[in-house]
Amino acid sequence: MQTLLRLLSDGEFHSGEDLGALLGISRSAVWKKLQQLEVETGIEIHKVRGRGYRLAHSLSLLDRDRLREGLGGANWFVHAYDAIGSTNAEAMRLVDRGDSLPLIVLAERQTAGRGRRGRKWVSPFAENLYYSLALRIEGGMRQLEGLSLLVGLAVVKMLREMGVDNAGLKWPNDILVGNRKLAGVLLELTGDPADVCHVVIGIGINVNMRAATEVDQLWTSMMLETGHHQDRNQVAISLSQNLDVYLALHLEKGFSAFKEEWEASHLWQGKPVTLLAGVNSIDGIVLGVDPVGALRLLVADQVKTFSGGELSLRLRSVADQ
Ligand code: ATP
């Protein structure tokens, strides 16, 4: 299946005869495989009489060798799958199995991609990056402080390097362009945070997605922002390189060293917001973050600090104030 997809991934026409010859199968077997591919992956394949088959759009497929080569310096183990429930869940499974770390899990698509609090992360085949990095954390809580925010910074850095100049952050875990969501970060822990534990850093980045009716909020992708198709392997490599640098500095200096850089990239800095915590909500003005990444809000002339995985921010329009 992968070989056939790779042959078609350039988005050019290929005759059934040529494809059959390359795969050592008949033309009708090619046709059957293509139909199967459409069902399994949801990608659109056009058939034109006299010219052959071609994909509706060219595809950037994950290339294990390129990824391994590109990550050479970082010495991370690469696990790439055609389809997986969730890259975070798979990374957690590999950690529990005792695999060597750090490792990264990537997939062409996720069948049960997740956001925070059980929400769904829409993960169509070969369009975006579904990426999880598993790390061993020794020496306690300090290494976890502000980690999810730090990861957001590394993602923004990579995006800017790759031409998405306006990418910015929304506390605590979203990467946006304007009010459109481009990427999300989901950290999951296992073990004892006070002793030795493992963290899985899940990152979903919309790379070449151009339509997604299932996403129920405003969104965008690298391709929509830059106007050109992106190489997903290069995105994964640049992301890993940035993470490697940022994580090493975080280990050495803690989140406080990144506080200013984070605030400079925070799109909602100084904005009126509502902080949602379950059924409760608090209105305030965003002042920034504290040295461990907690949100600082001005609430009725008092500075208050908030942290925890259950919190969400919403912008308040001027009319609400
Ligand atoms: P919060 O402000 O609480 O972080 P959120 O809606 O951004 O809220 P997350 O858990 O970070 O929540 O992300 C999951 C949500 O992101 C989904 O409920 C959906 O609205 C949206 N979403 C799902 N898939 C995508 C995608 N591929 N691109 C952009 N947004 C997505």
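Helices (H or I, at least four residues) and strands (E, at least two) are DSSP runs, numbered from the N terminus. The structure is a predicted model, in which local features need pLDDT of at least 70 and side-chain atom pairs count only at pLDDT 80 or more, while totals for chains, interfaces and linings use all residues. Residues are numbered from 1 along each chain as its sequence is written, and side-chain values use heavy atoms, with hydrogens and water left out.

On this basis, the chain contains 9 helices and 14 strands. Its radius of gyration, taken over C-alpha atoms, is 21 Å, close to the 20 Å that the globule rule (2.2 Å times the number of residues to the power 0.38) gives for 321 residues, so the chain is as compact as a globular protein of that length. Along the principal axes, the C-alpha atoms fill a box of roughly 75 × 50 × 35 Å.

Some backbone details deserve a look. Ala 126, found in the loop between β4 and β5 (129-137), has a positive phi of about 60 degrees although it is not a glycine. A cis peptide bond, with omega about -5 degrees, joins Leu 101 and Pro 102; Pro 102 lies in the loop between α5 (87-97) and β4 (103-110). Another cis peptide bond joins Trp 171 and Pro 172, with omega about -5 degrees, and Pro 172 is placed in the loop between β6 (167-170) and β7 (174-177).

Turning to the ligand, 19 residues surround it (a heavy atom within 4 Å), the closest being Arg 116, Lys 170, Lys 181, Asp 216 and Ser 312. By class, this shell has 5 nonpolar, 5 polar and 9 charged residues, where Asp, Glu, Lys and Arg count as charged, Ala, Val, Leu, Ile, Met, Phe, Trp, Tyr, Cys and Pro as nonpolar, and the others, Gly among them, as polar.

Polar contacts are pairs of N or O atoms within 3.5 Å. An oxygen atom of the ligand lies 2.4 Å from a side-chain N or O atom of Lys 181, and a ligand oxygen is 3.4 Å from an N or O atom in the side chain of Asn 173. The backbone takes part too: a polar backbone atom of Arg 116 is 2.6 Å from an oxygen atom of the ligand. The protein covers 94% of the 620 Å² of accessible area (Shrake-Rupley method, 1.4 Å probe) that the ligand has on its own.

Methods:
A polar contact is a pair of N or O atoms within 3.5 Å; within protein, one must be able to donate a hydrogen and the other to accept it, and residues adjacent in sequence count only if both atoms are side-chain atoms.
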